Amino acid sequence: MDDEEDPIVEEIPVFLSKNLQDSLYLFQYPTKTELANHDDSVVVNCCVKPFAQEVKVDFGLDTESGHYDRFKGEQFAQAADGKNTYGAAPPKGVERPTYKRGIMDKQAFTSSRSLTDVTKYIVGIYTDREVHLSPLTSIVQLRPALSHFDKEDKRKKAEQKAQAEDPEEEEVLQQVTVKFARGNTKSNAKEQRAGTYDGFVQRIADEPWCEAYWHPRGTPTAELERQKLFATSHQSNQALALNAGDYLKRLLPYDEHVQPVEAAAPAAAAAQVLPVYNKAMLRTMPLLEQLRVLLRDAKMLSFGDLLEVLVEHVDPHVAADKVLALLPQVAILLHGNWVPRSEVVFPEKMLSHANGVAAEQMIRARDYILFRFSRTACLYRAQVMAATQLPPAETLDVLRTVARVNATKRWELLLPPDKEFEQKHPELVQRQELHWRASEQHYNEMDWAKETKRVRKRSTRKSESSTQSSNTSMPPPALNQVANTPAET
């Protein structure tokens, strides 16, 4: 599209601010709607765990509201903290009460990290025809924490345990065995535990809460922090001076964390699935492996489409002659288009998902289908099942690797014939035709075996009828049995 048809309406400068890149959190409230939010709520307390990036906020409740059940609020406070100790200081060593006023006057919200990697997310602000972007430190979701119910359960269990113990019961002497471990055993166990998931959870739980101040919206301190979202110096952005390809690479450095091909293939083989490669991994492969992966994923490609994918996404300097010379090693020419060989689609030692059919039988069935498509435009599923002796599910899997169902309920190839390619490369067409002729007898025998089974059934019926007609002197067994029945009675 020309620039005249799509004119530039407005150019807006974009600036990057890093003033809050280490302390900018995005709060999400999944349990709240746009109408009932916390914009005007009173925050009673706020705590932060800087290393674990966790936040705990206590929002105050309006106990004087007509929608507040005061009796229920006192019940919740008494269930969490025990007897009403309003105004009394907690004893030394005893956990301080959740609700100091003896009534549930606040609601606690605790955070959980919704995303582990927030490097691709930013916060933007638009003002004075400029856009200012700030990177985020973390994105957390705040949900209500019903800790008062946990404290109630814990307190009840402690009271039941104290009542169950009998102080007058004499202690029973028991024999114990004392073992002395090595001095470094405890440190080694601690190091091993530090690398586990339990150790990670324990480190988060051990990190103390840091008291923080909550500055409501509109206060002078909040406005000063909001000004940090703007870039302080409007310097020219060097990244925008790059071309489109270099800018995209700078924006998405995908080559830094690419899993090696050698590491991905064994894991996929152990899981009985075909490995999936991205474009960055394709670039590390030789050309023959690139053709194998592309044809296996695309199922059928014309030579023009295959070359276009290689030039635009994998290697812009790839030669067409080199591609054409390597294609017959991993693909078969079928009506001018290229399909992957059956060994590529069904690797060795791989079983089908439905009934566990071996790869050898799936390869044999797919080769038969390719041969039949080289001779006819459409196939019937029942015909393929009878010739290949595959279960229905596996027959569908094999057919879908090269064909699709048309409006007449018949299977046809995924792409129409490419006559232009066949006219440009008649030697490849002739070579493939020689291969089909060499294996034609083998595939015809598969159809003959199917027809032979039907003929045998018909010949057996004919022989039985001829035998019965030749022996006219002997009465049929059913009539003989009926005639003898009155004599026996």
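Here is a short chat about a predicted model of a protein chain.

Visitor: Hi! How many helices and strands are in the protein chain?
Guide: Hello! This predicted model has 19 helices and 15 strands in the protein chain.

Visitor: And what share of the residues is buried?
Guide: Of the 489 residues in the protein chain, 29% are buried.

Visitor: Okay, what about helix α13, how many residues does it have?
Guide: Helix α13 has 17 residues, running over 359–375. From its first C-alpha to its last it reaches 25 Å, which is close to the 24 Å expected at 1.5 Å a residue.

Visitor: Switching topic: at what angle do α14 and α15 cross?
Guide: The axes of α14 (residues 381–388) and α15 (residues 392–400) cross at roughly 110° and come within 10 Å. That makes α14 roughly perpendicular to α15, since angles from 65 to 115 degrees count that way.

Visitor: Left-handed or right-handed?
Guide: The crossing of α14 and α15 is right-handed.

Visitor: Which residues meet there?
Guide: From α14 there are Arg 381, Val 384 and Met 385, and they meet Pro 392, Thr 395, Leu 396 and Leu 399 from α15. The residues of this contact divide into 5 nonpolar, 1 polar and 1 charged.

Visitor: Back to the whole chain: what share of contacts join residues at least 24 apart?
Guide: Counting contacts between residues at least 6 apart in sequence, 67% join residues at least 24 apart.

Conventions
Residues numbered from 1 in each chain as written. Predicted model: local features only at pLDDT ≥ 70, side-chain atom pairs only at ≥ 80, totals over all residues. Heavy atoms only, no water. Axes fitted to C-alpha atoms, helices over the stretch in contact; angles between N-to-C directions. Helix = DSSP H or I, 4+ residues; strand = E, 2+ residues; numbered from the N terminus. Parallel < 35°, antiparallel > 145°, perpendicular 65-115°, else oblique. Left-handed = near helix turned anticlockwise from the far one by under 90°. Contact = heavy atoms within 4.5 Å. Nonpolar A, V, L, I, M, F, W, Y, C, P; charged D, E, K, R; others polar. Expected span 1.5 Å × (residues − 1). Buried < 20%, exposed > 50% of the residue type's maximum accessible area, 1.4 Å probe, protein only.
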